Amino acid sequence: MADVPQFRGIRKTNVQYADLWKPINFPRALAVSVVNHLVDAHKPVNLVTVNKARVCHVGEMDVEELYNAPVKLIPTLSFDFDSQYPAFSEIADNVPKSPLVIRDADGRPLRRLDVMSSVIPDYTTKGLPPTMSGPEMNVKTDTAANLALSMATLLMSEKEKALEVLKGDIPDDVDWTSWESASTVADEVQGTLDEIVTTFNDMQSPFLLQSVWRSDDEDLYMADDAMDAFVWTDMAFSRLFLDAPSRATSGMSRLKRCSVRVHRIMTLALSGERPDVAALMRGMSYGVSGDKEFMVNGKYTNRLMACDRLTRPALSRLDVTFLASLGFEDMLKPERNLGDAVYYAVRELRN
């Protein structure tokens with residue numbers, strides 16, 4: 001381990017340290033390092049929550065609250081990647097692995113989080129004032145399933161009331177494997193999820209850790225105000241597919257499909273029917289394959305997460321050099337790419 005550069009604050013993990021630098025793990029490990037940098041700088045993370053009127057707001061959360069551990073114990077924590085989260089396995093079968101599970105020194109899970117990395121501005125907000133820019137967010141199917149499980153787990157203590165809300169006026173004879181049938185109640189499904197957010201608003205909990213990095217408009221380089229960390233609660237995250245405008249003019253909408261899938265997993269889990277999550281997601285694919293659930297652009301995400309630290313992230317480019325130990329840039333040597341080579345050559349010569 002001594003020969004491999006280490007990420008800031010990640011002393012224990014379930015992954016071989018060298019493997020943290022692989023493309024699938026690097027963004028997740030770096031996101032944790034950004035949070036650990038904020039700990040050392042005595043700064044909170046940004047927290048995206050939603051109120052009873054279903055309007056998102058960006059506030060702050062102390063890292064020790066996020067990690068569920070006092071600051072003095074953070075060095076003893078284990079940051080486990082692609083790990084099973086026991087609370088999900090207790091209510092459903094074939095659940096996705098969680099991108100990040102934080103465990104104490106005895107291996108007890110303290111917090112689970114999905115993890116995402118995003119760049120600002122995206123293609124829809126390039127050229128706009130920095131206050132109007134936002135990140136594109138590509139949400140995977142496993143993230144949607146984890147969201148349903150997260151909300152179902154939280155609502156177990158109020159499951160009878162929650163089930164009453166979820167079932168609403170939706171008939172019992174819906175064929176959830178057929179979009180022709182499911183689409184007839186899609187609006188009602190979204191309405192019940194809206195009501196869940198309103199009724200159980202005080203039960204929302206951290207769900208997704210999003211590291212953001214800002215570039216200078218179309219540049220590939222980091223801006224001087226370089227990186228920050230946002231944490232979305234589960235209920236706030238649901239606004240990405242419940243409120244975003246659908247681009248489908250006919251046929252299936254990915255946003256409505258996500259609503260139907262999340263609703264179905266929650267209803268079955270709260271009913272004690274232990275849904276087979278992998279089989280359910282396959283059976284409700286409605287002819288669209290792949291692991292992409294939906295995408296929202298920066299113009300929309302700006303509406304939900306606009307704040308001073310989205311415009312001016314807390315970590316500078318200099319701070320980024322301290323997110324891992326000396327020499328870590330050698331682990332990130334990019335592959336030689338003709339497009340990149342031409343871009344840099346022309347840019348340098350013309351400037």
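These numbered points go through a predicted model, from its nonpolar cores to its strands, salt bridges and surface.

1. The largest nonpolar core has 72 residues. The members that touch the most others are Trp 176, Trp 232, Phe 237, Leu 240, Phe 241 and Val 260. Helix H10, residues 254-270, gives the most to this core, with nine residues. As background, nonpolar side chains in soluble globular proteins tend to be buried together.

2. Leaving aside residues up to four places away in sequence, Leu 240 touches Met 137, Trp 232, Leu 255, Phe 294, Val 296, Tyr 300, Thr 301 and Leu 304. One of these, Trp 232, is also listed with Leu 240 among the core residues that touch the most other members.

3. Next, strand S7, residues 206-215. Is this strand mostly covered or mostly open? Nine of its 10 residues are buried, and the strand is mostly covered.

4. Strand S7 has two pairings to follow. With strand S5, residues 109-120, S7 runs parallel, and seven bridges join the two. With strand S8, residues 222-233, S7 pairs in the antiparallel sense over eight bridges.

5. A search of the whole structure finds 17 of them. Asp 114 forms one with Arg 112, and the closest N and O atoms are 2.4 Å apart. Are the two partners buried or exposed? Asp 114 has a relative accessibility of 2% and counts as buried, because the cut-off for buried is under 20%. Arg 112, at 5%, counts as buried too. Elsewhere, salt bridges that share partners join Arg 54, Asp 194, Arg 239 and Asp 243 into one network.

6. Which parts of the chain does the salt bridge between Asp 93 and Arg 274 link? The closest N and O atoms of this pair are 2.5 Å apart. The two residues are 181 residues apart and belong to distant parts of the chain. Asp 93 is in the loop between helix H3 (86-89) and strand S4 (98-103), while Arg 274 is in the loop between H10 and helix H11 (277-283). Both ends are partly exposed: Asp 93 has a relative accessible area of 32%, and Arg 274 is at 33%.

7. A further salt bridge joins the side chains of Lys 22 and Asp 19, at 3.1 Å from N to O. Lys 22 is partly exposed at 43% relative accessibility. Asp 19 is at 24% and also counts as partly exposed.

8. Last, the surface. Leu 338, Val 342 and Val 346 form a nonpolar patch there, and together they have about 270 Å² of accessible area. Leu 338 is found in helix H15, residues 338-350. Its relative accessible area is 68%, so Leu 338 is exposed, the cut-off being over 50%.

Terms used
Residues numbered from 1 in each chain as written. Predicted model: local features only at pLDDT ≥ 70, side-chain atom pairs only at ≥ 80, totals over all residues. Heavy atoms only, no water. Patch = residues over 30% accessible without salt bridge, like charges linked within 9 Å, V, L, I, M, F, W, Y side chains within 5 Å. Areas by Shrake-Rupley, 256 points an atom, 1.4 Å probe, with all protein chains shown as cover. Salt bridge = Lys/Arg side-chain N within 4 Å of Asp/Glu carboxyl O. Helix = DSSP H or I, 4+ residues; strand = E, 2+ residues; numbered from the N terminus. Buried < 20%, exposed > 50% of the residue type's maximum accessible area, 1.4 Å probe, protein only. Core = buried A, V, L, I, M, F, W, Y, C linked by side-chain atoms within 4.5 Å. Contact = heavy atoms within 4.5 Å. Pairing = 2+ DSSP bridges.
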